[in-house]
Amino acid sequence: MTEPSKNMKPAALTILLFFGFFLALAGAYLGTQEKTEAGIRAGAQKTLAAWKENAPKLGDRLHVRKTGWSYAWVFRTGKKGAQNEGTVFVLRITGNSGPYTGVFYKNKKGEASFCGLAGVRGNDASKYGITSRVISMWIARIERLGAPEESKK
Amino acid sequence: MKNNTVAFLFALCPLVPAVVRLAYGIVLAVAFLWFLLTGLGIRELVRKLRPDDAGPYIEMVGIAASATLFTLALQWLCPILSVSLGLYVYLTAFSFIILVSIDYGSLKNGLFIPVLPFIPMLLAFSVIRELLGFGTVSIPTITGILEFTVIPGFEFWGLGFWGTAAGAFFLLGVAAWLIKFRQRKAFAARRQA
């Protein structure tokens with residue numbers, strides 16, 4: 001074997017390995033997203049039901065532009081363009097005692113409210129170190145966000 | 001490894017906000033085990049590939065890929081927990097790299113010595129914090145975390161401070177002092193013998 005082809009072999013195998021990583025990740029992503037979305041939807045809906053008697057029902061998943069990973073789980077409530085249209089945000093909020101999954105609702109006027117924590121016992125967020133200051137900060141952030149778009153599947 | 005305590009504290013620091021619940025501790029301990037297994041596998045692959053100087057970079061990419069795979073698996077198994085813990089899986093990978101990088105001698109020999117004792121320490125730290133800060137013990141479930149009350153009436157007389165990051169650093173300080181004290185005592189006993 002000549003010198004250049006000898007050097008090419010590890011490079012080719014490395015590229016093959018990276019391609020293998022890419023295939024594994026793409027396959028895992030496609031295989032898990034449906035169940036993940038269903039689980040997050042169920043958890044958020046349960047929190048909304050505990051928050052309000054006539055809780056809004058989760059609709060299509062939305063995409064908020066230029067906001068990154070934190071706003072990956074956003075859902076529409078009510079019909080598009082209708083008076084009861086709103087948005088539900090499921091996101092990680094960190095208080096004094098670790099990270100939790102918070103659920104927020106933003107109405108058509110752009111006013112946001114905290115609905116509760118998903119996946120924990122009871123409705124008292126302060127018990128989990130989520131203070132009113134933390135909640136206010138997230139409400140302000142959500143109210144500042146632009147209008148979300150339909151998620152492309 | 002000359003000073004395990006320091007390496008452990010370095011590796012635990014990025015995870016302090018998350019290891020406040022046993023449920024979180026369990027998820028992150030499984031993540032550590034996963035990184036250990038995939039780390040060994042990737043190391044073996046790299047050894048066979050012989051990419052010379054690129055070896056450590058390929059290993060880093062491999063650990064990043066395995067962290068993403070773990071996040072996707074966590075999303076599939078515990079979707080609600082994946083929202084709160086997603087970022088910390090990557091921080092666990094970072095802690096794993098800190099542990100194996102500090103103990104480079106063990107890494108060079110193909111051994112990941114500090115990782116295995118770190119896992120029970122992570123679990124112990126999370127269970128102590130949860131008991132002192134919430135009076136409960138929790139486990140991860142599909143719908144979030146399942147809490148069991150261990151200390152009744154905690155809401156009335158419990159001190160939630162121990163569940164906070166500030167409380168965690170106090171506990172870490174006490175743990176470091178206790179380990180040092182034990183090590184010095186053992187060293188003195190050996191010198192006397």
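**Close-ups of a two-chain predicted model**

**View 1. Strands 3 and 4 of chain A lie side by side.** In this predicted model, ten bridges pair strand 3 of chain A with strand 4 of chain A in the antiparallel sense. Look for the hairpin that links strand 3 of chain A to strand 4 of chain A through two residues. One pair to pick out is Leu91(A) with its bridge partner in strand 4 of chain A, Gly102(A). Strand 3 of chain A also pairs with strand 2 (residues 73–77) of chain A, again in the antiparallel sense, over five bridges. Here Val74(A) sits opposite Phe89(A) of strand 3 of chain A. Strand 3 of chain A is mostly covered, with seven of its ten residues buried.

**View 2. Chain A meets chain B.** On the chain A side 32 residues make contact, and on the chain B side 36 do. Which elements of chain A give two or more residues to the side that touches chain B? They are helix 1 (3–51), strand 3 (86–95) and strand 4 (98–107) of chain A. Helix 1 of chain A supplies the largest share, 16 residues. Sorted by class, this side of chain A has 17 nonpolar, twelve polar and three charged residues.

**View 3. Chain B from end to end.** Chain B has eight helices and two strands. Starting at the N terminus, its elements run α-α-α-α-α-α-β-β-α-α. Chain B has 193 residues, and 38% of them count as buried. Among contacts in chain B with a separation of 6 or more, 67% are between residues 24 or more positions apart.

**View 4. Helix 2 and helix 6 of chain B pack together.** The axes of helix 2 (residues 22–49) and helix 6 (residues 115–134) of chain B come within 8 Å, crossing at roughly 170°. That angle is why helix 2 of chain B counts as roughly antiparallel to helix 6 of chain B. Helix 2 of chain B brings residues including Leu22(B), Leu28(B) and Phe32(B) to the contact, and helix 6 of chain B brings residues including Phe118(B), Leu122(B) and Glu130(B). By class, the contact has 13 nonpolar, two polar and one charged residues.

**View 5. Inside the largest nonpolar core.** This core has 66 residues, and those with the most contacts inside it are Val90(A), Val19(B), Leu28(B) and Phe32(B). Helix 4 (residues 79–102) of chain B gives the most to it, ten residues. Zoom in on Val19(B): leaving out residues up to four places away in sequence, Val19(B) touches Tyr24(B), Gly25(B), Leu28(B), Leu122(B), Phe125(B), Ser126(B) and Arg129(B).

View 6. Strand 1 (residues 136–141) of chain B runs antiparallel to strand 2 (residues 144–149) of chain B, and six bridges join them. A hairpin makes the link through two residues, and Val137(B) stands opposite Phe148(B) of strand 2 of chain B. Is Ser138(B) buried or exposed? Ser138(B) counts as buried because 23 other C-beta atoms lie within 10 Å. The C-alpha atoms of Ser138(B) and Leu22(B) are separated by 5.5 Å, though the two residues are 116 residues apart along the chain. Not counting residues up to four places away in sequence, Ser138(B) touches several others, among them Arg21(B), Ala23(B), Glu130(B) and Leu146(B).

Methods. Residues numbered from 1 in each chain as written. Chains lettered and ligands numbered in written order. Predicted model: local features only at pLDDT ≥ 70, side-chain atom pairs only at ≥ 80, totals over all residues. Axes fitted to C-alpha atoms, helices over the stretch in contact; angles between N-to-C directions. Helix = DSSP H or I, 4+ residues; strand = E, 2+ residues; numbered from the N terminus. Parallel < 35°, antiparallel > 145°, perpendicular 65-115°, else oblique. Contact = placed C-beta atoms within 7 Å. Nonpolar A, V, L, I, M, F, W, Y, C, P; charged D, E, K, R; others polar. Pairing = 2+ DSSP bridges. Core = buried A, V, L, I, M, F, W, Y, C linked by C-beta atoms within 7 Å. Buried ≥ 20, exposed ≤ 12 C-beta atoms within 10 Å, placed from the backbone.
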